[in-house]
Amino acid sequence: MPMTPRGRPRSFDRDAVLQQAMRMFWERGYESTSLADLTSATGLKPPSLYAAFGSKEGLFREAVELYTRTDGALTGTALDGGPTAREAVGRMLRENACGYTEDGRPPGCMIVLAATTCAAENESVRQLLADTRADTLRSIRARLERGVADGDLPAGTDTGQLADFYGTVLFGLSIRARDGASREALLRVADSAMHAWDALTGGTGPAAPDD
């Protein structure tokens, strides 16, 4: 006799549900996304949604993890791929400027925009995104410190201050994209930020290449 499977199999594609929820949170923000919005976007009834993810915040946290692995992975890829610290940071700014204004995607960055302010009961959500942005700053700083070790940044460079500056530019590009700034405008900002490199580091050399 065939064995009867234990438990009830999932009747939905979890990855597809997360993708739809991620887009909804990205477009509207955490607090402005209602349970009705989520059930409409995912096709799940509230009991199924809660059974799968525990809560709206649980769903949001998984959506953030998905974003950082997919649409939000541009920063890490650029920092890892640039042969020098200068080129890596330049690529980070330019590639995100393009990603933030890509057709068919919500403008800007979900990690910057989804919960800049929250009611007291949602402070853990705001803190999650603040911590994720802090991780981005640490990644930028780590790439700069590698540049010092490799000799393409001067010894004694304040990598913390430099990471704060370029991280703030990066986050600002996201806000400008959500406000409707064009790709060309964001790329000009990115290029202007890279023109400040020598003044900030005391170094010399060509600007980051246009991609």
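Colleague: How many aromatic pairs does a search of the whole structure find?
Modeller: The model is a predicted one, and the search finds 6 aromatic pairs in the whole structure.
Colleague: Why is the pair of Phe165 and Tyr166 called edge-to-face?
Modeller: The ring centres of Phe165 and Tyr166 are 4.8 Å apart and the planes are at 85°. Centres within 6.5 Å make a pair, and an angle over 60 degrees counts as edge-to-face, so that is the label here.
Colleague: Why is the pair of Tyr166 and Trp197 called tilted?
Modeller: Its planes are at 40°, with the centres 5.6 Å apart. That angle falls between the limits of 30 and 60 degrees, so the pair is tilted.
Colleague: What makes this pair a tie between parts of the chain?
Modeller: Tyr166 is in helix 9 (residues 159-178) and Trp197 is in helix 11 (residues 197-201), so the parts tied together are 31 residues apart in sequence.
Colleague: Why is Thr75 called buried?
Modeller: Thr75 has a relative accessible area of 11%, which is under 20%, so the term applies. Thr75 belongs to helix 5 (residues 74-81).
Colleague: What makes the link between the side chains of Thr75 and Asn96 a polar contact?
Modeller: The distance is 3.0 Å, and the cut-off is within 3.5 Å for a pair of N or O atoms.

Note on methods:
Residues numbered from 1 in each chain as written. Predicted model: local features only at pLDDT ≥ 70, side-chain atom pairs only at ≥ 80, totals over all residues. Heavy atoms only, no water. Helix = DSSP H or I, 4+ residues; strand = E, 2+ residues; numbered from the N terminus. Buried < 20%, exposed > 50% of the residue type's maximum accessible area, 1.4 Å probe, protein only. Polar contact = N/O pair within 3.5 Å; in protein donor to acceptor, adjacent residues only side chain to side chain.
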